[in-house]
Every structure is written in structure tokens, then in C-alpha cells.
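Here's a quick tour of a protein fold, written for someone new to reading structures.

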Amino acid sequence: MVASRVLPANDRRGWNRRAENTVRVSIVAGKHTEVASFLKINNEISGKVLSPTGSPMKGVCVSAYWLTPTSDLYRIPSNCTDDKGEFKIPELPPGNYRLEINSRGKITASNPFDTFYYPGVDDKEKAEPVFVKEGVSVNNLIIRVTKTLPVVKISGQLTYKGGQPVPDEDVRFDPSNDTTYERVKVRTDANGKFSFEIPLGAKGELKANTNIF
């Protein structure tokens, strides 16, 4: 049980979160009491994404594709790794799942590889399903990226024609091939300086803009 509320009550709007699956209800003689409960699925898939050298990778997006859906309206859940390379996909109905890594197929500095599938195959038909049993989560799953593309760092300073720095404005890289590579946008610091990374081999235009009021 995630939350519940009892009516009639002084506060008829809010839900009270419950640490335990217990709701205390007082029933007055000659009165009625309504109890509403809000439930959520507590199954999840969690784990860590590691680079080819074994170090945690931040910003890698993992999607769980339900192989046995009962509704066409079911949304494919996903989550991107944190600083420790960890991800968590919660609220999963029981069943088999295919884990897709970088399912968008965009090659970026945080996802410097094409789409692949757990445990590390390029062909989704050869993916190993992850089974989620009712009431039992799948934890500590290790996903290892087998190969990454090198990235290059681009840094500089945005200035006006006279050399004065332009702070807190957008600088972006627009790739020529936007089906493979993704646009990168950053903000300049107080001194007009900026820095970002793109995959090696990506071609495009470096642009900047400023707003004048």
C-alpha cells in the first residue's frame, strides 16, 4: 500500500502515505466511513552499467520492453544511470522483459555506442529475457558495454566582436547527421567559457546566440 485516505475527515483532499500496510479506521455508531487505498506495483529491475574497462557509466539509458503485454497502451519504462552507473526501473508487471540500452539509437558522449541488448548482443532476437516474478524484484544486474566510440572535447569562449565575454548564453552543436548523432547544448559561464564532448567523427555546425532586451 502506498497511500490511503479515510472519509469523512477534516482534510478531504490529501492522501496519507503509509510506511506499513495498515490503516486505522474509527467508525461512529449511526455513521458511515469510506476507506480509499492507492496501490502501486513494487516489482523493479535495477543494476549497474559498466564500461569495457569496468568503470561505472553515467547517463546510459536502459529501457525495459515487456515481451508479454496485455495492453497496447502499456508504456515502455526506462531509466538512465546516475553517477555510480546505477539504474532502477520500478513498477513493472510480472513477465519477461527485453532490456534495450540506448534504445533511441543516438550516439552521444554519455551513450557512445549503438543500441544493444542485455546481456550484450546487437541482435534483439538473441537478447536474454529478464524474468520479473510477482512480488520479487531483479536487483544487482550487471550490463557491460562491450565497445565504445571515442569522444572529443570542445571548449572555448563566446565573446562579442570587441572581445567582451558573453555569459549565461547558449552554445550548441548541430550535427549534420541528426539521425545518428544528437544535438548538444550548453550554457556559457560568467566568463563566457563553455565545454562539451561529442563522439569522434561527428560533423556539424557550432552555433551561439544571445538575447538583447
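What you're looking at is a predicted model, where local features need pLDDT of at least 70 and side-chain atom pairs count only at pLDDT 80 or more, while totals for chains, interfaces and linings use all residues. Residues are numbered from 1 along each chain as its sequence is written, and side-chain values use heavy atoms, with hydrogens and water left out.

**The chain overall**

- The protein chain has 16 strands and 0 helices; both are DSSP runs numbered from the N terminus, with helices being H or I of at least four residues and strands being E of at least two.
- Of the chain's 213 residues, 32% count as buried, where buried means under 20% relative accessible area, exposed means over 50%, and partly exposed is in between (1.4 Å probe, protein chains only).
- Take the contacts between residues at least 6 apart in sequence: 63% of them join residues at least 24 apart. A contact here means heavy atoms within 4.5 Å.

- Some background first: strands of a sheet pair through backbone hydrogen bonds, either parallel or antiparallel. Two strands count as paired if DSSP finds at least two bridges between them.
- Strand β4 (residues 44-50) runs parallel to β11, and 5 bridges join the two.
- Leu50 sits opposite Arg144 of β11.

- Start with Ile142, which is in strand β11. Its relative accessible area is 44%, so Ile142 is partly exposed.
- Which residues does Ile142 touch, not counting residues up to four places away in sequence? They are Lys48, Leu50 and Tyr118.
- Ile142 and Ser46 are 96 residues apart in sequence, yet 8.9 Å apart in space, C-alpha to C-alpha.
- Now look at Arg144, also placed in strand β11. Arg144 has a relative accessible area of 38%, so this residue is partly exposed.
- Setting aside neighbours within four places in sequence, Arg144 is in contact with Leu50, Ser51, Pro52, Thr53, Gly54 and Phe116.
- Between Arg144 and Ser51 there are 5.9 Å in space, C-alpha to C-alpha, and they are 93 residues apart in sequence.

**The sheet β14-β13-β16**

- Another open sheet has 3 strands in the order β14-β13-β16, with antiparallel pairing.
- Its edge strands, each pairing on one side only, are β14 (184-187) and β16 (204-208).
- Neighbouring strands of this sheet are turned against each other by 15° on average, direction ignored.
- Strand β13 (residues 170-175) is joined to β16 by 5 bridges, and the two run antiparallel. Look for Pro175 opposite Gly204 and for Asp174 with its bridge partner Glu205.
- On the β14 side, 4 bridges join β13 to β14, again antiparallel, and Arg172 stands opposite Lys185.
- Is β13 mostly covered or mostly uncovered? It's mostly covered, with 5 of its 6 residues buried.

**Empty spaces**

- Rolling a probe the size of a water molecule over the atoms shows where empty space is left.
- On a 1 Å grid over the protein atoms alone, a cavity is a set of points where a 1.4 Å probe fits but cannot get out, a pocket is an open set with protein on both sides within 12 Å along at least five of seven lines, and lining residues have an atom within 4 Å of a point.
- Grid points are joined across faces, edges and corners, and a volume is the space filled by probe spheres set on the points.
- Searching the whole structure turns up 1 cavity of 30 Å³ or more, and the largest cavity holds about 40 Å³ of space.
- Strand β15 (residues 193-199) gives the most to the largest cavity's lining, with 3 residues.
- The largest pocket has a volume of about 250 Å³, and its lining includes Phe113, Phe116 and Lys147.

Definitions and conventions: Axes are lines fitted to C-alpha atoms, for helices over the stretch in contact, and angles run from 0 to 180 degrees between N-to-C directions.
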